[in-house]
Amino acid sequence: MDKAKVAEILEEIGTLLDLKGENPFKVRAYHNAARLIGGLQQDLGALVETGQLRELKGIGEALSEKITELWKTDRLKYHDDLKASLPSGLVEMIAIPGFGPKRAQVVHKKLKADSIEKLEAACKDGRIAQLEGFGEKSQENILQGIEQLRRFAGRHHYHKALAAALGILESLREHPAAIRCEYAGSLRRCRETVGDVDFLVSAKEKDAPALIERFVRLPGVISINAKGETKSSVVLDGGIQADLRVVSDAQFPFALAYFTGSKEHNIALRVRALARGLSLNEYGFSKAGKDKDEKGARDTGSVIQCRTEEDIHEAMELDYIPPELREEMGEIEAAEKGKLPKLIEKENLRGTFHCHSTWTDGAETIGSMAVAAQELGLDYLGMADHSKSEFQARGLKDDQIPGYIAETRKLDRKFRKLGLRIFAGIEVDILENGSLDYSDKILAQFDYCIAAVHRGFTMDEMTMTARIVKALANPHVTMLAHPTGRLLLSREAYAVDMRAVIEACAKHGVIIELNSHPWRLDMDWRWWKFAKERGVKCAINPDAHGTPDFQSLAIGVGIARKGWLTRDDVINCLPADKVEAVLKARRK
Ligand code: DGT
Ligand code: CA
Ligand code: CA
């Protein structure tokens, strides 16, 4: 049992209680506790052992007992009973985007719909539209939501897949028979979501079965789909499928290149090889045209020996193409001409922006966010709590602004001596008419303002684009937050003309955020090349609501790499004094 797992179960209890129609205060107590435990800096085990759990704000006797039971026995009877008391289909239903526990309760009570299939049928024959509080529009939305849910099924957020993969990689590498070991596929290319994880190990032929055996017995494996001499496929905890292939060490670079993909990139490389009289596959190079009638690389070995992927690219007169770029989006042409960018690296990040605190919906104080930033070796931290329209997030009222800025300034003076600058910023809502949530006079007091759309998602593309473009024209707007509002695998982006938004940012000198929260990764990597051509700068921001969220910065760097960005394109790579000048530039 770990903190994250405890938090997940508490969260689920909150949802189950909500489904049962329990008292909203009780429901909220569980959701709050989940958040608290998830973001806890202290060691949960120690708090349980010493009985200090009760001292945490919001943890009463009942919650403390439940957390203790979970921690000590790895399960919780209350949770099990609660789950058993509800049809499992009802729990599945609330994964439908826009369909919460309240609605699930109604369709269950009124229509006896206790599964997604029954709900779908009720939509199709118009029974949902008849229900009080539903109507034609919501019936249509539910059908779309079900379709979306099915489309998303089987894919996973990048950080979940990465966490699962790293544990497995380590265990495979520990095996004495493993020579080289990597993960490939979409995970290695740093796609924003991952279907399955593809592992590759090189070993002597005789050792392959032992490696397969190790793989299927790993603690994270919950079921085995297939198990052969050199390949296997399993399902990991969390429902992620993972494939393993064992190859010879000579084949390893070819297999790694092939299974890293993308498929489109592979095809383009293969075409390039053919133009050079070579056939390229996962086993090696062979003479073109002889694949079928004579033996190919599988049996005879590669006609050009390559020890690494670099060697393979070189054999085709290409610069090395980093995995993130292998999407057949111009990378092969650029590699041929020596024009690939020198991609940003994690180590280049010097600071970050768009962080929340207990002033609004963050879990930690500005002070503890600063300590964590400093421990990470950052030189600056840009706070940006919510603006007043975000009442659910306790957005700052006008009269709270002086206090918020004063505290930030005070901590800045303190931490500056320790090498960390703190910038006072605000995440200001873009209202439906495109104006901002505060007067210019208030906005002028901040070191930077990051403008964001948080509601009114359903407007048409033209209206939404005009709304955002209007906000960008305000000279106090330094950055644009999460430009499409998408939540990966859960909520589609709102309709917006990104090309027009990027052009407006270019015109006004607005920096675009690459929100590194693993559910967002927004702006999408596919747009960065264009933004860069238009001279727009990027800020990689964690949208942190607690110190653990700083971890996502590394994913943000991966997505920036995927968007062809270099350290010169990303303002967080600048030292503190230079970045301060950049934040001030627009208002001058
Ligand atoms: P995913 O798992 O859906 O997130 O995406 P990938 O890219 O990991 O795809 P996956 O797991 O189906 O296959 C891994 C790699 O294997 C893929 O990126 C490229 C290669 N591959 C798979 N099928 C083909 C194919 O039909 N032709 C070629 N050239 N390569 C393929
Ligand atoms: Ca894959
Ligand atoms: Ca696969």
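The legends below describe close-up views of a predicted model. Residues are numbered from 1 along each chain as its sequence is written, with chains lettered from A and ligands numbered from 1 in the order in which they are written.

View 1. Donors are N, O and S atoms within 2.8 Å of the metal, or 3.2 Å for Na, K and Ca; water is not among the atoms, so sites may look incomplete. Aspartate 196 is partly exposed, at a relative accessible area of 22%, and aspartate 198 is buried at 11%. Buried means under 20% relative accessible area, exposed over 50%, and partly exposed in between (1.4 Å probe, protein chains only).

**View 2. The calcium ion (ligand 3), with donors from Asp196, Asp198 and Asp243.** The protein donors Asp196 (OD), Asp196 (OD), Asp198 (OD) and Asp243 (OD) lie 2.3 to 2.8 Å from the ion. Aspartate 196 in strand β4 and aspartate 243 in strand β7 (residues 241-247) are 47 residues apart, and the pair links distant parts of the chain. Helices (H or I, at least four residues) and strands (E, at least two) are DSSP runs, numbered from the N terminus. Along the chain, the donors of the calcium ion (ligand 3) follow the spacing D-x1-D-x44-D. Aspartate 243 is buried, with 12% relative accessibility. The calcium ion (ligand 3) is 3.8 Å from the calcium ion (ligand 2), and aspartate 196 coordinates both.

**View 3. The 15 residues around ligand 1.** Arg155, Ser186, Arg189, Gly195 and Asp196 come nearest to ligand 1; a residue is near a molecule if one of its heavy atoms lies within 4 Å of it. The shell holds three nonpolar, seven polar and five charged residues. Here Ala, Val, Leu, Ile, Met, Phe, Trp, Tyr, Cys and Pro count as nonpolar, Asp, Glu, Lys and Arg as charged, and the others, Gly among them, as polar. At least two shell residues come from each of α12 (185-188), β4 (196-202), α14 (252-260) and α15 (263-275). The largest share, three residues, is from α14.

**View 4. Side chains of arginine 189 and aspartate 196 beside ligand 1.** An N or O atom in the side chain of arginine 189 is 2.9 Å from an oxygen atom of ligand 1. A polar side-chain atom of aspartate 196 lies 2.8 Å from an oxygen atom of ligand 1.

**View 5. Threonine 478 in the loop between α22 (461-472) and β14 (479-480).** A polar atom of the threonine 478 side chain is 2.8 Å from the backbone nitrogen of cysteine 449. Threonine 478 counts as buried, at 5% relative accessibility.

Conventions:
Predicted model: local features only at pLDDT ≥ 70, side-chain atom pairs only at ≥ 80, totals over all residues. Heavy atoms only, no water. Polar contact = N/O pair within 3.5 Å; in protein donor to acceptor, adjacent residues only side chain to side chain.
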